[in-house]
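Here is a note for a colleague who is opening this model for the first time. The points below may be read in order, with the structure alongside.

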Amino acid sequence: MSAETQDILGVAAAWKRAGEQVALATVTETWGSSPRPAGSQLAVTASGKMAGSVSGGCIEGAVAEVALETLRTGIPQLLDFGITDERAWEVGLACGGKLKVFVETLA
Amino acid sequence: MTPETLAALTALRDAKTPVVLATALPGGAQRLLPDMEAPEALNLAAKRALDRDESGTVALDGQDWFLQAYNPKYRVIVVGAVHIAQALVPMAAFLGLDVTVVDPRRSFATDERFPNVTVLTDWPDEALDALKPDSRTAVITLTHDPKLDDPALDRALNSPAFYIGALGSRRTHARRLDRLRELGHSDEAMARIKGPVGLNIAAVTAPEIAVSILAEFIAMRRNAARA
């Protein structure tokens with residue numbers, strides 16, 4: 001199955017069943033020229049596995065870091081990425097778009 | 001996501017039931033929709049998300065909800081386990097479509113030729129009666145053989161299938177329409193059939209024809225979702 005159509009929730013659930021600690025990041029809202037629509041997902045495990053994407057690669061690193069933090073704390077987070085956000089410059093949202101990403105754990 | 005929510009969501013998706021996962025933002029409380037106990041506005045927003053096949057955030061009574069729409073996969077019923085089908089079927093699977101191949105000729109319709117998809121060797125009319133094409137189903141006939149294509153197109157026209165395509169030249173298609181007219185289908189109804197099938201990209205090879213068919217399918221699907 002291709003990257004665009006991969007069932008990320010299904011992958012995350014399978015990892016969970018296999019005993020992994022799994023966090024799930026989901027694009028909840030986009031403005032401007034964000035490369036991936038709302039609903040796009042990235043699954044991350046504490047052991048370092050990743051599946052899916054929430055951007056064209058610009059913010060995956062930052063989101064994965066937050067995902068690991070969420071796995072430690074158990075507290076979901078809503079992240080804002082955009083050109084007004086200093087963090088976005090850091091991670092390089094070159095498209096100039098804005099997006100929000102919700103990060104949660106599969107408990 | 002709680003184990004209970006994940007289990008319920010997984011069960012509904014396995015049963016091919018359309019469902020929305022609603023997440024209250026920023027807190028993260030979740031519920032599945034539709035739900036008789038949920039506010040009507042939330043259920044309506046969920047229905048819209050499923051109809052449009054679009055996830056997104058809505059504000060209701062000062063509360064932001066992210067609605068993730070989980071529709072079952074689009075289905076593609078390919079009639080004719082022919083050479084072009086061998087290119088079309090894996091491409092359709094790559095697009096995330098749920099593909100079924102129908103061909104009563106057992107030498108064509110083998111699992112070796114079509115790994116990882118459902119292959120039915122029933123007659124196309126019987127197969128379509130069983131598969132019941134809905135508004136998220138495409139029916140594509142590829143055999144050129146009226147004995148096989150016509151019954152499939154007849155059933156497809158009597159269904160809400162959103163995409164109906166028939167391989168064949170303009171002349172072949174004109175004769176096909178004459179035969180379907182005799183079965184009682186009006187010109188207006190038969191205008192639903194894409195014939196010759198596919199976008200005109202001057203495709204020559206089987207993979208190129210498959211690209212042209214799937215490009216037309218995608219255009220129909222996306223435009224339909226926004227109509």
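**Notes on the two chains**

1. Strand E5 of chain B and strand E6 (residues 98-102) of chain B run parallel and are joined by five bridges, where strands count as paired if DSSP finds at least two bridges between them. Within this pairing, B:Val76 has B:Val99 in E6(B) as its bridge partner. The names of these elements follow DSSP runs numbered from the N terminus, with helices being H or I runs of at least four residues and strands being E runs of at least two.

2. A word on the source: this is a predicted model, in which local features need pLDDT of at least 70 and side-chain atom pairs count only at pLDDT 80 or more, while totals for chains, interfaces and linings use all residues. Residues are numbered from 1 along each chain as its sequence is written, and chains are lettered from A and ligands numbered from 1 in the order in which they are written.

3. Chain B as a whole contains eight helices and ten strands, and its C-alpha atoms fill a box of roughly 60 × 40 × 35 Å along the principal axes. It is divided into domain 1 (3-70) and domain 2 (75-226), with bounds that come from an automatic or database domain assignment. The centres of domain 1 of chain B and domain 2 of chain B, taken over C-alpha atoms, are separated by 33 Å.

4. Of the 227 residues of chain B, 38% count as buried; a residue is called buried if 20 or more other C-beta atoms lie within 10 Å of its own, exposed if 12 or fewer, and partly exposed in between, with C-beta atoms placed from the backbone. Among the contacts in chain B with a separation of 6 or more, 55% come from residues 24 or more positions apart, a contact being two residues whose C-beta atoms, placed from the backbone, lie within 7 Å.

5. The pairing of E5(B) with E6(B) belongs to an open sheet of six strands in chain B, which has the order E7-E6-E5-E8-E9-E10 and parallel pairing. Its edge strands are strand E7 (118-120) and E10 of chain B, each of which pairs on one side only. Helix H3 (residues 83-94) of chain B lies across E5 and E6 of chain B and runs at about 160° to E6(B); such angles run from 0 to 180 degrees between N-to-C directions, and the axes are lines fitted to C-alpha atoms, for helices over the stretch in contact.

6. Helix H5 (residues 146-157) of chain B has twelve residues and reaches 15 Å from its first C-alpha to its last, close to the 16 Å expected at 1.5 Å a residue, where the expected span is 1.5 Å times one less than the number of residues. Its buried residues include B:Leu148, B:Pro151, B:Leu153 and B:Ala156. Among the elements that cover the buried residues of H5(B) are helix H4 (124-131), strand E8 (137-141) and helix H6 (170-182) of chain B.

7. Chain B also has an open sheet of four strands with antiparallel pairing, in the order E2-E1-E4-E3. Strand E2 (30-33) and E3 of chain B stand at the edges with a single partner strand each, so one side of each is left without a neighbour in the sheet. E3(B) and E4(B) run antiparallel and are joined by five bridges, and B:Thr57 stands opposite B:Phe66 in E4(B). Helix H2 (residues 40-52) of chain B packs on the sheet and touches E1, E2, E3 and E4 of chain B, its direction making about 40° with that of E4(B).

8. Which residues make up the contact between the chains? It takes 18 residues from chain B and 16 residues from chain A. On the side of chain B that touches chain A, helix H1 (3-14), strand E1 (19-25), strand E3 (56-60) and strand E4 (63-70) of chain B each supply at least two residues.

9. In chain A, nine of the ten residues of strand E1 (residues 22-31) are buried, so the strand is largely enclosed by the rest of the structure. E1(A) runs antiparallel to strand E2 (residues 41-45) of chain A, to which five bridges join it, and A:Val22 stands opposite A:Thr45 in E2(A). E1(A) also pairs with strand E5 (residues 98-105) of chain A in the antiparallel sense over eight bridges.
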